[in-house]
Amino acid sequence: MKVMVIRHGALGDIVLSMPAFAAIRAHHGGAAISLLTTAPFAGFLAQAPWFDTVIIDEKPAPWDFAGLVRLRRRLAGFDMVYDLQTSSRSSRYFRLAGRPEWSGIARGARFFHGNPGRNRLHTRERIAEQLAIAGIAPLPAPDLSWLRRVPPPCALPETFAALIPGAAPHRPEKRWPAARFGALAAQLPMPAVIFGTEAERPLADEIRRVAPGVIDMTGRTDIAQLAACLDRATIAIGNDTGPVHLAAALGVRCIVLFGGASDPVLTAPRMPDGAWPTIIRVADLSELAVSPVAAAVEQG
């Protein structure tokens, strides 16, 4: 049997889908399972135990005939497809794939997720409900031991707080001001380490101007190495962004900062057993003081 799973990014969406990936693998133990995803996550998920093949979705435009032909070839021959992306784009793949057995929201899908309130569910619960229709339930806590075998790129303190000051580049309103991360770091009872992409190095520079002793790891990890580092953290403190999802999935205590730009009811990181991390939400993150975040750290 040939099975395909469709899941694009961002990283937080990938992490919230890991219980589903594990459940699909357990349900189809002897099947050849392929993942269709986007390029940034292909190498990372090729290391996971849930997939035999990872296929990059180039997401061709409607007028890209050659790209659509390539995509159609990649979608052909599957007996069962679990569309966890459930976007208008991925739903169109149902017809390109030749209308196989399908779990998703494509019209004509055998396992159609028709709950009119599905978009008001948290991603984890929405996917769980979708898969239950296809006979896959419950969703287990995924085995992430494959991530724990990856060594961090350098030595880290024995105990430390992971600071995650970034967020999607086009969503600056999801970021707590970097200077306040610095002020928080200066109050912490343990060393602090900043994680992020190379593009987020200016945030790290601003944090280090306030707290010079903070260790800067921005731009020094791929996703697997990031997971290895976060797995060793005592606590992770950050915005609503992928690395915080990764920390929570690894069981690290997390404090997640939300402004009005995103809704934790729908997108918050979740712990391995589905429990919720500590969430601090305000209408405008630029108005969030350091004291309530420091108090949340102390309460742990």
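I'll start with what I mean by a pocket. On a 1 Å grid over the protein atoms alone, a pocket is an open set of points with protein on both sides within 12 Å along at least five of seven lines, whereas a cavity is a set of points where a 1.4 Å probe fits but cannot get out; a lining residue has an atom within 4 Å of a point. For volumes, grid points are joined across faces, edges and corners, and the figure is the space filled by probe spheres set on the points.

Two remarks on where this comes from. The model is predicted: local features need pLDDT of at least 70, side-chain atom pairs count only at pLDDT 80 or more, and totals for chains, interfaces and linings use all residues. Residues are numbered from 1 along each chain as its sequence is written, and side-chain values use heavy atoms, leaving out hydrogens and water.

Now the largest pocket. Its space comes to about 920 Å³. There are 38 lining residues, and those nearest the centre are Ala10, Leu11, Gly12, Thr241 and Gly242. When I name helices and strands, I mean DSSP runs numbered from the N terminus: helices are H or I with at least four residues, strands are E with at least two. At least two lining residues come from each of α1 (11-16), α6 (123-133), α10 (223-230), α11 (242-249) and α12 (264-267). Which helix gives the largest share of that lining? That is α1, with four residues. For classes, Ala, Val, Leu, Ile, Met, Phe, Trp, Tyr, Cys and Pro count as nonpolar, Asp, Glu, Lys and Arg as charged, and the others, Gly among them, as polar. On that scheme the lining of the largest pocket has 14 nonpolar, 14 polar and 10 charged residues.

Ala10, one of the residues nearest the centre of that pocket, sits in the loop between β1 (2-6) and α1.

The space in the largest cavity is about 90 Å³. Among its lining residues are Val15, Leu16, Met18, Pro19 and Arg124, and α1 and α2 each give at least two. The classes there are eight nonpolar, no polar and two charged.

Next, α6. I use buried for under 20% relative accessible area, exposed for over 50%, and partly exposed for in between, with a 1.4 Å probe and protein chains only. Which residues of α6 are buried? They are Thr123, Arg124, Arg126, Ile127, Gln130 and Leu131. These cover an arc of only 165° around the axis, which puts them on the same side of α6; the arc is that of the directions from the helix axis to the C-beta atoms. An α-helix has 3.6 residues a turn, so residues three or four places apart point the same way. The buried residues of α6 pack against α1, α2, β4 (80-83), β5 (101-104) and α12, where contact means heavy atoms within 4.5 Å.

Just after α6, Gly135 has a positive phi of about 90°. In the loop between α6 and α7 (145-148) is Pro138, and the bond from Ala137 to Pro138 is cis, with omega near -10°.

Two residues other than glycine also have positive phi. Lys59, with phi of about 50°, is in the loop between β3 (53-56) and α4 and is partly exposed at 37% relative accessibility. Arg99, with phi near 55°, is in the loop between α5 and β5 and is partly exposed at 49%.

Last, is His28 buried or exposed? His28 is buried, with a relative accessible area of 10%, and lies in the loop between α2 (18-27) and β2 (32-37). Leaving aside neighbours within four places in sequence, the contacts of His28 are Met1, Val3, Ile33 and Tyr82.
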